[in-house]
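Here's a quick walk through how this chain is put together. Have the viewer open and follow along.

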Amino acid sequence: KKMKEKHRVFPLSKTPLYPVASKYGFMLLVRHLQMETSSEDIDALFGDCGSIERILMLRLSSSKMAFVSFRRRSDAEKAISLHHRSSFRGHLIDVDWTVLV
């Protein structure tokens with residue numbers, strides 16, 4: 001029998017390049033963050049873009065990633081427009097669409 005997964009994150013190579021709303025809102029993936037980056041830092045960075053629903057931090061071996069969900073698609077689009085390939089604390093960060101289902 002096939003087991004159903006409750007939550008699944010698309011691998012980076014299969015990250016949708018279009019906005020998809022989930023129960024968590026419009027989700028963005030922020031990559032290449034410094035290890036010291038906190039959810040408060042992410043909230044400060046993206047807070048001017050609109051209403052943030054949730055921030056999930058993920059620690060990797062040499063950097064961190066964050067999942068940031070926005071209530072409105074237009075807010076998430078603004079976040080990508082302002083912050084994709086921008087410098088944050090000396091690191092060039094990537095901000096792209098992703099889906100947490």
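β3 and β4 make a hairpin, with four residues between them. Helices (H or I, at least four residues) and strands (E, at least two) are DSSP runs here, numbered from the N terminus. Bear in mind that this is a predicted model: local features need pLDDT of at least 70, side-chain atom pairs count only at pLDDT 80 or more, and totals for chains, interfaces and linings use all residues. Residues are numbered from 1 along each chain as its sequence is written, and side-chain values use heavy atoms, with hydrogens and water left out.

**Around β4**

Two strands count as paired if DSSP finds at least two bridges between them. β4 pairs with both β2 and β3:

| Pair | Sense | Bridges | One facing pair |
|---|---|---|---|
| β2 and β4 | antiparallel | six bridges | Valine 30 and alanine 66 |

How many residues of β4 are buried? Seven of its seven, where buried means under 20% relative accessible area, exposed over 50% and partly exposed in between (1.4 Å probe, protein chains only). Lys64, Ala66, Val68 and Phe70 point one way from the strand, while Met65, Phe67 and Ser69 point the other way.

**The cores**

A nonpolar core is a set of buried Ala, Val, Leu, Ile, Met, Phe, Trp, Tyr and Cys residues joined through side-chain atoms within 4.5 Å. The largest one has 18 residues, and Leu28, Val30, Phe46 and Phe70 have the most contacts inside it. Two or more residues each come from β2 (25-33), α1 (39-46), β4 (64-70), α2 (73-83) and β6 (91-97). β2 gives the largest share, four residues. Apart from this core lies another, of five residues, including Met27, Leu29, Met65 and Phe67.

**α2**

Which residues of α2 are buried? They are Asp75, Ala76, Ala79, Ile80 and His83. These five sit on the same side of α2 because they cover an arc of only 140° around the axis, taking the directions from the helix axis to the C-beta atoms. As a reminder, an α-helix has 3.6 residues a turn, so residues three or four places apart point the same way. The buried residues of α2 pack against β2, α1, β4, β5 (86-88) and β6. Just after α2, arginine 85 takes a positive phi of about 60°.

Notes. Contact = heavy atoms within 4.5 Å.
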